[in-house]
Amino acid sequence: MTNVDAQELSKFAQLADEWWDKDGKFKSLHDINPLRTEYIQTQCSGLFGKTVLDVGCGGGILSEALAQCGAIVTGIDMVQVSLDVANLHRLDSGVAVDYHLSTAEQWAEHHNEHYDVVCCLEMLEHVPDPASIVKSCAQMLKPGGTAIFSTLNRNTKSYFMAIVGAEYLFNMVPRGTHEHKKFIKPFELVSMVEQTSLTPKKMIGMHFNPLKNEYYLSDDNVDVNYFLVCQG
């Protein structure tokens with residue numbers, strides 16, 4: 001329980017009712033979900049029949065999408081009301097996902113080398129010790145499995161785009177969602193990974209085109225949002 005920020009838990013608890021409102025506070029997550037789901041499938045050579053752990057699953061937006069690809073999905077989170085929403089939506093959608101209230105560290109204690117794929121997206125920047133999460137993800141991944149992380153780079157550009165622009169000018173995410181000092185530079189995340197059994201394989205940036213109102217992936221730069229794919 002030491003790697004939990006009470007303010008972050010409270011923040012997401014207050015927003016829990018909006019998880020599945022595609023035009024609500026989590027609209028941006030719904031907008032990027034097809035893109036990141038397809039990317040995960042590509043990096044894992046398909047998901048059908050594979051065991052997948054979604055760390056920091058929230059209301060289950062990614063978890064359900066991965067399950068719809070044929071994966072056997074478990075989602076863990078530390079906000080009970082978010083998990084309640086996820087379970088209610090699961091019953092309504094009929095998509096099978098197994099949700100649990102747990103930190104990554106607690107779950108890793110009983111799930112060593114258990115999953116083919118471990119995803120931790122848009123979560124590392126919300127905990128006091130992201131390296132501890134990365135270590136736990138590595139512990140839970142089967143040898144030869146795939147771990148995928150996504151987070152936000154820490155620089156001037158990301159401050160203006162992810163906080164000033166996304167939160168205050170365009171209302172793409174709720175105000176106060178992010179703290180710039182918690183953003184993680186790519187070399188910092190790679191360093192965390194290299195302290196584990198994981199091997200960094202690929203890094204790619206996620207970008208937004210305001211003219212087309214769409215998100216896309218490109219390795220031109222990783223200045224703001226980025227993915228890091230690792231091999232177990």
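Visitor: Why does Lys11 count as buried?

Guide: Please keep in mind that this is a predicted model. The relative accessibility of Lys11 is 19%, and buried means under 20%, so Lys11 counts as buried. Lys11 has its place in helix α1, residues 6-14.

Visitor: What makes the link between the side chains of Lys11 and Glu8 a polar contact?

Guide: The side chains of Lys11 and Glu8 are joined at 3.1 Å, and the cut-off for such a pair of N or O atoms is within 3.5 Å, so the pair is a polar contact.

Visitor: Why is the pair of Trp19 and Phe26 called stacked?

Guide: By the rule for rings, the count comes to three aromatic pairs. In one of them, Trp19 and Phe26, the ring centres are 3.9 Å apart and the planes stand at 5 degrees; planes under 30 degrees apart count as stacked, and therefore this pair is stacked. Trp19 counts as buried because its relative accessibility is 7%, and Phe26 counts as buried because its value is 5%.

Visitor: What makes Phe208 partly exposed?

Guide: Phe208 has a relative accessible area of 27%, and since buried means under 20% and exposed over 50%, Phe208 is therefore partly exposed.

Visitor: How do you know that strands β1 and β4 pair?

Guide: Strand β1, residues 51-55, is joined to β4 by three bridges, and two strands pair if there are at least two bridges between them, so β1 and β4 pair, and they run parallel. Val52 has Val117 in β4 as its bridge partner. Six bridges join β4 to strand β5, residues 141-152, and these two strands also run parallel, with Cys120 opposite Phe149 in β5.

Visitor: What lies between β4 and β5 in their β-α-β unit, and why is α6 called largely enclosed?

Guide: The unit consists of β4, helix α6 (residues 130-140) and β5, and it is right-handed. Eight of the 11 residues of α6 are buried, so the helix is largely enclosed by the rest of the structure. Among these buried residues are Ile133, Val134 and Met140, and the buried residues of α6 pack against β1, α5, β4, β5 and α8.

Note on methods:
Residues are numbered from 1 along each chain as its sequence is written. This is a predicted model: local features need pLDDT of at least 70, side-chain atom pairs count only at pLDDT 80 or more; totals for chains, interfaces and linings use all residues. Side-chain values use heavy atoms; hydrogens and water are left out. Helices (H or I, at least four residues) and strands (E, at least two) are DSSP runs, numbered from the N terminus. A crossover is right-handed if, with the strands pointing away from the viewer, the path from the first strand over the helix to the second runs clockwise. Buried means under 20% relative accessible area, exposed over 50%, partly exposed in between (1.4 Å probe, protein chains only). Contact means heavy atoms within 4.5 Å. A polar contact is a pair of N or O atoms within 3.5 Å; within protein, one must be able to donate a hydrogen and the other to accept it, and residues adjacent in sequence count only if both atoms are side-chain atoms. Rings of Phe, Tyr and Trp (its six-membered ring) pair if their centres lie within 6.5 Å; planes under 30 degrees apart count as stacked, over 60 as edge-to-face and the rest as tilted.
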